[in-house]
Amino acid sequence: MLAYLEANENNVLFAAVVGTFIVSVLWEAVRPRRRVNETSVARWGHNITLSLVNQVLVYWLSVAATLAVAWWAARTGTGLLTRFDTGFGVALVTTALAFELLAYLLHRLLHRVRWLWRIHAVHHSDTELDFTTTYRNHPLEVVLVALATLPVTALLGPPVAVVVAYQMTRASVNILAHSNIYLPESLDRWLRYLIVTPDFHRCHHSDDRQFTNSNYGAFLPLFDYLFGTATRKPFAAYPTMSIGLEYFRETRDSRFDKLLLMPFRRVPLETARPETLVHSAG
Ligand SMILES: [Zn+2]
């Protein structure tokens, strides 16, 4: 199994992403969480175009570069995990926790630092949330996150098979978390403590800043609970809550070219203020 993951890293990751997208599309069609409106059709083309651009960057910078560093660490004996024969399970949990902590801290920085927020606002400016929002990120954000991930990978030295297993699981959960899919309250109530559920992440895309600046996890919600940034809305609130930002709400704001230029546009200072609120777990 481990040898298979190492030998087929590209195919396994591609299959996980495409397979989850297919599941999301079907799930959204059969059991959507929110009503699909006319703005959704207009958004899809621009979101998918930006996503395809990002897939090249996500793949080459984030995935392939991380795997290359993991290969290098294994060959040269660099990194913490190469010094101990921990076995697959311990290495996977250690790697997931380290990468998720890094992702959590980076995400908080993206909300806190003004120029980073301008870049990250491209993701939050979507006025609905569905599978097409997953990779609606500004390419600069993809580059910055990838650059921060590489030194951590070198310090940790995770086995290549572990990186592949982590990345395919994370990508699948992340796509489902952005999808407009319904999960029963009885399931969401406990699942949201294990992985980021669609409602958990939907809260993060609320246009109400007290919720935008919460629920930073994209795969594991653990650090939101540990650091007191986990929030929730009543189960019945999600179908009608307003998604997006207080600005960039016009249909034309979500055009592909506007999305690329968005970090360089002026927004009112009082609404461009980065994170000011941190919330207790709920
Ligand atoms: Zn965010």
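Mentor: Two residues are in contact if their C-beta atoms, placed from the backbone, lie within 7 Å. This is a predicted model, where local features need pLDDT of at least 70, side-chain atom pairs count only at pLDDT 80 or more, and totals for chains, interfaces and linings use all residues. Residues are numbered from 1 along each chain as its sequence is written.

Trainee: Which residues does Val162 touch, leaving out those up to four places away in sequence?

Mentor: With those neighbours left out, Val162 touches Phe88, Ala91, Leu92 and Thr95.

Trainee: How many helices and strands does the chain have?

Mentor: Helices (H or I, at least four residues) and strands (E, at least two) are DSSP runs, numbered from the N terminus. The chain has 13 helices and 0 strands. Of its contacts with a separation of 6 or more, 78% join residues 24 or more positions apart. The C-alpha trace spans about 50 × 40 × 35 Å along its principal axes.

Trainee: What share of the chain is buried?

Mentor: A residue is buried if 20 or more other C-beta atoms lie within 10 Å of its own, exposed if 12 or fewer, and partly exposed in between. By that count, 39% of the 282 residues are buried.

Trainee: How many residues does the largest nonpolar core have?

Mentor: A nonpolar core is a set of buried Ala, Val, Leu, Ile, Met, Phe, Trp, Tyr and Cys residues joined through C-beta atoms within 7 Å. The largest one here has 40 residues, and Val162, Val163, Val164, Ala165 and Val196 have the most contacts inside it. At least two residues of this core come from each of α2 (9–30), α3 (38–76), α4 (88–112), α6 (139–156), α7 (160–178) and α9 (198–204). The largest share, 13 residues, belongs to α7. A second, separate core of 9 residues includes Leu50, Ile119, Leu245 and Phe248.

Trainee: Where do α4 and α7 meet, and at what angle do their axes cross?

Mentor: Axes are lines fitted to C-alpha atoms, for helices over the stretch in contact, and angles run from 0 to 180 degrees between N-to-C directions. The axes of α4 and α7 come within 9 Å and cross at roughly 55°. On the α4 side, the contact is made by Phe88, Ala91, Leu92, Thr95, Ala96 and Phe99. The α7 side supplies Val162, Val163, Ala165 and Tyr166.

Trainee: Is Thr20 buried or exposed?

Mentor: Thr20 is buried, because 21 other C-beta atoms lie within 10 Å. Thr20 lies in helix α2. Residues up to four places away aside, Thr20 touches Ala171, Ser172, Ile175 and Leu176. Between Thr20 and Arg266 there are 36 Å in space, C-alpha to C-alpha, and the two are 246 residues apart in sequence.

Trainee: How many residues of α5 are buried?

Mentor: Helix α5 (residues 114–124) is mostly covered, with 8 of its 11 residues buried. They are Leu116, Arg118, Ile119, His120, Ala121, Val122, His123 and His124. These buried residues pack against α4, α6, α10 (209–212) and α12 (256–261).

Trainee: Which residues does His123 touch, again without those up to four places away in sequence?

Mentor: His123 touches Arg136 and Asn137 on that basis. His123 counts as buried because 20 other C-beta atoms lie within 10 Å. The C-alpha atoms of His123 and Leu245 are separated by 10.0 Å, although the residues are 122 apart along the chain. Leu245 is among the residues of the second core.
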